[in-house]
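Here are my notes on the model, as numbered points. Please read them with the structure open.

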Amino acid sequence: MSAEPRHAAAPAPLALSPEVAEALDSGAPVVALESTLLAHGLPRPDNRAAADEVEAAVRAGGAVPATIAVLDGVPHVGLTAEQVDRVCADPDLAKLGVRDLPVAAALGLSGATTVSSTALLAAAAGIGVFATGGLGGVHRQSAETFDESADLTALSRTSLAVVCAGVKSILDVPATLERMESLSITVVGYGTTTFPGFYVADSGSAVDWSVDTPEQAAAVLATRRELTPGAVVVANPLPADQQLDPELHDRVIAGALAAAEAAGVRGKAVTPFVLDHLHRESGGATLEVNVRLVLRNAELAGRIAAALAGAAR
Ligand code: PSU
Ligand code: MN
C-alpha cells in the first residue's frame with residue numbers, strides 16, 4: 001500500500017502511512033519516533049532489531065507507532081519495513097535537524113530526523129506524543145564552541161509531549177536545564193523529582209514537578225496546548241537496577257569526550273561520535289542500556305497517548 005500524501009505546516013507534503021493516517025483520523029493514540037537515534041545513535045546492524053522493538057513497545061503501551069524520516073525529499077510519518085531497512089542500513093544517511101528539512105525536501109534528499117525535526121513533523125501531522133532516548137542540549141564546552149542542540153529551541157515552540165530519559169549525560173545537564181527554563185519548556189519527572197541522567201537514573205539535578213500517571217502527563221500536555229505553544233518533557237528515569245554502573249559511566253564519558261576533542265570533531269558529528277565511542281569502550285554496555293531506556297520511554301509514551309485519546313473522547 002502506498003502512503004497517502006497530506007499537506008500540513010511542514011516543508012513538503014507529509015506522507016502518512018495508511019495505519020498512521022487511519023489512527024489520526026479516528027482519534028486513536030499515535031506515538032512519533034525519531035530516526036536519528038536509529039541511524040546515528042545505535043550501531044549497524046543492531047539498530048534494525050531495535051527499530052522493531054521500539055515500535056512494539058509503543059504498541060504494548062496502547063498506541064500506533066509512527067517512525068519519522070525523510071526519504072527522497074518526502075517526510076514520511078510511519079515507515080514500511082523496507083523504509084526502516086533503508087534508514088538503518090545506509091552509512092551515509094544525512095542527519096536532519098529542522099534547518100535541514102527545507103534543503104532535503106527541495107532537493108529530493110533522504111535523511112534521518114533528530115528530536116527537533118521529528119517533533120516539528122509529528123506536530124504538523126497532528127501527533128501529540130513523541131518518544132526518544134535522551135534529548136540534545138548544552139554541550140560541556142559550549143562556552144567555547146557555542147554547541148547547543150537545536151532540540152531545545154524546537155521544543156520551545158512545538159506543542160507535544162516528549163518522553164525521554166532526560167538529556168544525554170555527555171552534556172552539561174545543569175546548563176541544559178537552565179536553558180529549558182529560559183525557553184519555557186515544561187519539564188516534569190515521571191514518578192520522581194530527580195532529573196534522570198540518560199544512562200544513569202540520577203543526573204545529580206532536580207526538577208520542580210512530577211507526574212505519577214499517564215493521565216496526569218496527558219493533562220499537563222492538554223493544558224500546555226491551550227496556554228501557549230511548546231513542549232512538555234516527561235523525564236522517565238531508568239530504575240537503579242537497570243542503569244549503567246555510575247562509575248563505568250563517568251569513566252567512559254570522560255574518555256569519549258577527550259577522544260572527540262582530540263579528533264577535532266565538530267558540529268552535528270559530535271553526538272554520534274561520542275555515542276559510538278561509548279558503545280565500543282564500554283564493551284556494548286552503553287548500547288544495551290540505551291536500547292533499554294528507549295523501550296521504556298516508548299511504552300510510557302504509548303500509555304500517555306492512550307490517556308490523551310481517552311480524555312478527548
Ligand atoms: N537519543 C538517543 N540517541 C540519539 C539521540 C537521542 O538515545 O542518538 C539523537 C536525537 O536525534 C537528538 C540528537 O536530536 O541525538 C542530538 O544531536 P545534537 O546533539 O547534534 O543536536
Ligand atoms: Mn550540536
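How are helix 6 and helix 8 oriented to each other, roughly parallel or roughly antiparallel?

1. Helix 6 and helix 8 are roughly parallel to each other. Angles under 35 degrees count as roughly parallel, over 145 as roughly antiparallel, 65 to 115 as roughly perpendicular and the rest as oblique. Here the packing angle is about 20°, and the axes lie 8 Å apart. Axes are lines fitted to C-alpha atoms, for helices over the stretch in contact; angles run from 0 to 180 degrees between N-to-C directions. Helices are DSSP runs (H or I, at least four residues), numbered from the N terminus.

2. This is a predicted model: local features need pLDDT of at least 70, side-chain atom pairs count only at pLDDT 80 or more, and totals for chains, interfaces and linings use all residues. Residues are numbered from 1 along each chain as its sequence is written, while chains are lettered from A and ligands numbered from 1 in written order.

3. The crossing of helix 6 and helix 8 is left-handed (the near helix is turned anticlockwise from the far one by less than a right angle; clockwise is right-handed). Helix 6 contributes V115, S116, A119 and L120 to the contact, and helix 8 contributes A150, D151, A154 and L155. Contact means C-beta atoms, placed from the backbone, within 7 Å. By class, this contact has six nonpolar, one polar and one charged residues. Ala, Val, Leu, Ile, Met, Phe, Trp, Tyr, Cys and Pro count as nonpolar, Asp, Glu, Lys and Arg as charged, and the others, Gly among them, as polar.

4. UniProt (unreviewed entry) places "binding site" at K95, V115, S149, A150 and D151. They span 57 residues in sequence, yet no two of their C-alpha atoms are more than 13.0 Å apart, so they gather at one spot. Such annotations may be inferred rather than shown by experiment.

5. Ligand 1 is surrounded by 19 residues, with T36, G41, G133, G136 and S149 the closest. A residue counts if its C-beta atom, placed from the backbone, lies within 6 Å. Helices 2, 8, 12 and 13 each give two or more residues. Helix 2 gives the most, with four. The shell divides into five nonpolar, eleven polar and three charged residues.

6. Helix 11 (residues 246-263) packs on helix 12 at about 135°, axes 9 Å apart. That makes helix 11 oblique to helix 12. The crossing of helix 11 and helix 12 is right-handed. Their contact includes V252 and I253 of helix 11 and F273 and H277 of helix 12.

Conventions:
Contact = placed C-beta atoms within 7 Å.
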